Every structure is written in structure tokens, then in C-alpha cells.
Amino acid sequence: MGNNYLNEHISNLKGVGEKTSKLFEKCGVRTVGDLLSYYPRCYDGFDAPVRACDVRPGQMNAVKLTIIGSIVKRRVRNLSIIAFEAGDQTGKIKMTYFNAPYLASSLKSGTTHIFRGMVQKKGSFYTMDQPKMYSQEEYASLSGRLMPRYPLVKGLTNNAVTKAMEQAFINVGSLDEYVPSDILDRLSLINYFDALRCIHFPENDKRLEDARRRLAYDEFLLFVLKLRLLKMTQEEISNSFPMVEVSETRRLLEQLPYKLTGAQMAAWNDILSDISGSSVMNRLIQGDVGSGKTVIALLALLTAAANGYQGALMAPTEVLAAQHFESFKELIEKYNIQHLKPVLLTGALSAKDKKEAQRQISEGEANCIIGTNALIQAKVNYKNLALVVTDEQHRFGVRQREALAGKGLNTHVLAMSATPIPRTLAIILYGDLHISVINELPGGRLPIKNCVVGTEYRPTAYKFIKDQVEAGRQAYVICPMIEEGEMDGVTNVTDYTQVLKDNLPPSINVAMLHGKMKPAEKDAIMEAFARRDIDVLVSTTVIEVGINVPNATVMMIENAERFGLSQLHQLRGRVGRGKHQSYCIFLNTSEGDDAKKRLEIMNKTNDGFKIAEEDLLQRGPGDLFGVRQSGDLNFRLGDIYHDADLVKESAMDADRILSSDPELSLPQYSVLKDKIATKSANLVDFATL
Ligand code: ADP
Ligand code: MG
């Protein structure tokens, strides 16, 4: 049925009813096209079965065992339970199945099967709950195959997604290729539809990597094409909001307790010359965590205000927006800044407060509007918006630019990012859009002390946290997951909060923070942490971006091996922001040498650019899946470090295509053109834009 079928609603798929559709919608999947681009987060392999004595508890294992003794069937309330033991010469394992009466007939003492599932160690024996059971022939036919594991929401099973996916591929049949064949040949990239099928159902590791590479290339090509097209239209935009340097910023710079670093000063001068120049500003400020980007934003916003305009500061989270608002208010009071009238506008405000904020914005009473991305999407009427600053966007503000253009606004845009993209890559990705690099940290900071440790160190770490808290400091503890069960053997915020409460004296206040909480709840927690009402904050990576609590001196990262190095660096950047010595504990739960070697890099350096480079050198293709909720430009399959060659190639291809056909009007580019124009996530994977 091809491309047209992609817009069909998923409920048209066999086996996807109303209830499942709703669950899919929660994951952002509405159409068949959305479904096909709902990529697995990892894959299960069918390794050769092991002996009972070789199982690794806490992990997926396939074991070849013979059922021993009798099969015990029980009922507990409305649960039917089947239990038995299975073993080989080297040991035995207790098996339990719930509500699986259909199994009863195939379970016979003396028969041999492959049991595949999670092994737990309970006391002195091993157990497996609900392992999948295969005959030896069945298992042999699967060996080497990879099964997709999808991101899920409660109620949606991996099996349901897999089934729907299979159905979708059958119905779609095939999809058109849209990348010119000479490019595919040159880079040895596989066909688009093959790649899409393989990313879901790879026959083996090699095919999976081929698929990922192909789809990564597409992400880069579309990204670069879109940027180039935008840039062409932008260059013609003249500066409708010319500004001059004002005395207030000079006075503020004199009064601040510190002097701007050379790099901060250079960035600030770049901005001044942009906004007073002849065309609209489009600048990326790239500065490592803690390099002092906020004050640069403040200077720019103050300049806009003093020139009689409005400016907006957009943060990626409500928590960060609220924090910026508070710190601006404090500075305004402390340094008696006259012109800047900030207002906070976030979803967490009450309807009444929102209305009042909107009034102040439309009437021009407020001239520094702080909030999340919603600031430019929602129905906010600005009186005379001239500058938009985006904080911690990890990417150039293309989306913002588009949304603003959609509102008929040609404001100056200043994007601030802490992602240390090597400069050469940044120039390739962004073309020659303007970039200022803050590659210098403010002086007088004590370097963070690091350690990479194993799980046996946990009690020592808790004691260390206790001592720091008793000395008046605060601590962050990061876990990859929110709740149990999302992934095996990985710590989660909910349970870990309890563990810490149990392990720390009751006088120490432990609280949790994660992305699924209501905005108001998150704000309340962050504020309490900033006020020091909370001593230890257990959190997911939601705190990765920008939070500034200088009194926090300990960052403990659980399952550190699960994060990308750049992400670990961002997390670490939450401490070491004040005058006290700070510490970062990387807790490595993996036994392999690779993880240890990778984490040792964090031990060696606190320099984000160095870390990004090392990360690039060390990561293998296998690291590109999994818990990588990375901030690095957020391509879904592409990784600018690992795939640096593809980034370069795609940029060259984009330039070549556009030089021969600047409007993409040739028939061979029609699908490409559609993909760039498509706003929805469907097909285009514009997660990045
Ligand atoms: P980031 O670049 O990560 O956003 P922030 O702007 O939050 O960093 O700055 C981190 C801390 O450094 C803040 O407490 C800020 O007041 C302080 N700071 C900024 N610039 C300087 C400087 N030049 N000298 C000393 N401290 C500075
Ligand atoms: Mg910041």
C-alpha cells in the first residue's frame, strides 16, 4: 500500500483496538507512520543456552534444563500458580508461572527445554519467574536473532507493540526510496524501507548497524537541509529591532562581585555587535556547564528592555524557568536594576496568575518574559518582542525560529547550550551561523573530586552523604529510571528514595524528583531543595539541565555506566558551583572492563570538550541504544560523535543537492521535500528540530 497508508490511524491495524490505540497515543503514536518510527530502545539477543551453574543472577539468561520431580499447581485467590524445579548436572533452578494453565500440558517431568528469563538469587537457590519456554529446535532457529524491546507505558506490552509493528509492515508493503542512489552507493547505505524494517526486526547485529547507519544518515541529511533552507531565507532578514549598548549593563558589570571571564566578555561583545548590526541576530553561545551563561542572557535581556523592547527567556523545564525568574528578581533588587521587569509564565501558574501575566505581557508592563517553550507557541501576545533567548537547548533554536516566523516575528535569537560539540562538527551542522564559545570557567572554583566505584561502595557513599549533610551541605542522587520494572537491574528513583531514607538518619530529609510529576510538584520540590528544606534529592536526569544550587556538594550517579559521558558531565555540573569542595561519585554496576574504562575518563578530566572527544573515540555501535536519553543534539538514531563521518558526508550532500536545485523542485527530490516540510514526527523524525 506504500506511502499513503502511513497516515492511516493505527486503530485500522488488525488487533489494535480502542484501548491499545489510546495507550499508543500516550507514546505519541497515532498513525501507522508514527508507529514505524517508534524505534526499539534496545534488543534482546538469543545467546547460546548456558548451564545452571553459569547463570548470572539479575540478568536475562537462557538455560537448558530438564524438569525434575513433580509439577505443583496451586491457587491463591484468583491467581493460579504452577511451580517446579528444573536442573542439569551442575545445579537446579526453581520455576514459577502465574495464570498460565495452557502450559500445564507441555510440562512433564523428565523433558528438556530452554528456559529464557530473568534469574534471581533467593537465599541459597536460583529462581526464574515466568521464563519463556522453548523446545531445543525452536531455540536453535532463533539463535543470533534480535528481538526489539520498545519503550512502553503502563498497560502496553512489548508483545502488543511488536504485533502491531509486524502488521504495519505487512500492510505497508513497501516505501519509496528518497535518497539519490549515487549517495547510497557512495556511502554503502542500505535501502530506506529495508533499514526501517531492520531497525525493528534485525536478523543480526550487522544488519542492525546497517539499518541504524542508514536512518542516522537520513536524520543528518534532513537536519542539515532544513537548516540550510532556513538560513537562506534568514539571511535576507534585516534587523527590525536595532539596539544600542546601554549604561545599565555597564553599571551592572562594574557592580557584580566578579569580573566576566575573557570568554564571557567576548561572547557579550559578539551579541552587542549583532543586535546593533544590519541583520537579525542568530547566535549560539556554547559554554561548558558552570561557565556563566546566565549572566550573558541577563545582559542581553536588559539591553533589549532598556532599548524599549520586550525579551523572552525560554528554558527547557518549568523548574529551570522558575529558577531563572527567582535569580533575576534577586539581581534586580540587589543591584537596583531599573529597566528590567520580569514575569514568569509557565503551565504551573493558576489560571488567574496566568491571565495576569498575559495582561502584563500584552500591555508591555513586563519586558522580560521567562518560561518554557510554550512562550512562543501558546497564545501569548507580545507588545514588542525583539529578543528570544533559549537556555540549555542543546541545539540551535530552529524550532523557535520557525514558531516565531509563524507569528510574523523576526526577533533576534540567542541560543545557549552546554553541549560541547566539537567546533568542527558545530560548523558543519550549523553552517556558518554565528557561534561564540565560552571555553573558560570562572576562576577561584575548587575542581570537583571524582571517584568511580562499584556497588560494594554504596554504604561508604551513604555515610559520606550523611557527613556532608551534617556539615550543612546537600546532595543529589541520580537513578536512570522512575519506577521499578522499566528495565531489569537498574535503579529507580522511587525505590531508591526509600533505600536512602532507611539508610540515613531520620533528621536527614530525602525527597524525589522526576519527569512524570506535575509541574507544580516539581517546582515545589526544587524550591524546597534550593531553600535547603530538602537535604538529599533523588532524581532522574530531569535535573540535568541548568539547576544551580551552589550549596549542593555531592553528586552520586547510580548505574553510571548507563549514561553517555557527556550526559555524566552535565550531571556532574550540578555541583562544584559554590565555594565548598564538591564530589562526584560514579557508581558503576557493570562488571565489564569497558564500562570501567569509559568511566575512568570522568575521573581524569572535568573538561567537557575533552570528554566529548573521548566519548567519540570510545563508544561502539552497541552503546547507541539503551538508556541513552542523551542531550547531545537528540538525534534519535544518529550520534554526532560516533557518526561524525556521516555528519560530514550529509552536510556535503545537502550542499550539493541545494546547489543544483535550491528549491528541491526536481521530481527526484519530491519525497525529500515533503519530509522536510512535514511538521509531525511521522516519518521525518524531526525530533531534533
Ligand atoms: P551555566 O553556564 O552552567 O549556565 P551559570 O550561569 O549558572 O552557569 O553560572 C554558574 C555560577 O557561576 C553562578 O553562580 C554565577 O553567578 C557564577 N558566575 C558566572 N560568571 C562568573 C564569573 N565571571 N566569575 C565568577 N562567578 C561567575
Ligand atoms: Mg545555565
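In this predicted model, the shell around ligand 1 is made up of four nonpolar, seven polar and five charged residues. There are 16 residues around the ligand, and the nearest of them are Gln264, Gly290, Lys293, Thr294 and Arg445. Two of these five names come back once polar contacts are considered. Thr294 brings a polar side-chain atom to 2.7 Å from an oxygen atom of ligand 1, while Gln264 places a polar side-chain atom 2.8 Å from a nitrogen atom of the ligand. Ser291 takes part through its backbone instead: a polar backbone atom of this residue sits 3.4 Å from a ligand oxygen atom. As for how much of the ligand is covered, ligand 1 on its own would expose 570 Å², and the protein buries 83% of that area.

Moving on to the strands, S11 covers residues 342-345, and S12 runs over residues 368-371. The two pair in the parallel sense, with four bridges between them. Within this pairing, Pro342 stands opposite Cys368 of S12.

Which way do the side chains of S11 point? Pro342 and Leu344 go one way, and Val343 and Leu345 go the other.

The backbone has a couple of spots worth a look. Most residues other than glycine have a negative phi, yet Gln130 shows a positive phi of about 50 degrees without being a glycine. Gln130 belongs to the loop between strand S6 (125-129) and strand S7 (132-134). Is Gln130 buried, partly exposed or exposed? Its relative accessibility is 40%, so Gln130 counts as partly exposed, given that buried means under 20% and exposed means over 50%.

Arg532 is another such case: this residue is not a glycine either, and its phi is positive, near 75 degrees. Arg532 is also found in a loop, here the one between helix H18 (519-530) and strand S19 (536-539). With a relative accessible area of 43%, Arg532 is partly exposed because that value falls between the two cut-offs.

Note on methods: Residues are numbered from 1 along each chain as its sequence is written. Chains are lettered from A and ligands numbered from 1 in the order in which they are written. This is a predicted model: local features need pLDDT of at least 70, side-chain atom pairs count only at pLDDT 80 or more; totals for chains, interfaces and linings use all residues. Side-chain values use heavy atoms; hydrogens and water are left out. A residue is near a molecule or strand if one of its heavy atoms lies within 4 Å of it. A polar contact is a pair of N or O atoms within 3.5 Å; within protein, one must be able to donate a hydrogen and the other to accept it, and residues adjacent in sequence count only if both atoms are side-chain atoms. Accessible areas come from the Shrake-Rupley method with a 1.4 Å probe; for residues, only the protein chains shown count as cover. Ala, Val, Leu, Ile, Met, Phe, Trp, Tyr, Cys and Pro count as nonpolar, Asp, Glu, Lys and Arg as charged, and the others, Gly among them, as polar. Buried means under 20% relative accessible area, exposed over 50%, partly exposed in between (1.4 Å probe, protein chains only). Two strands pair if DSSP finds at least two bridges between them.
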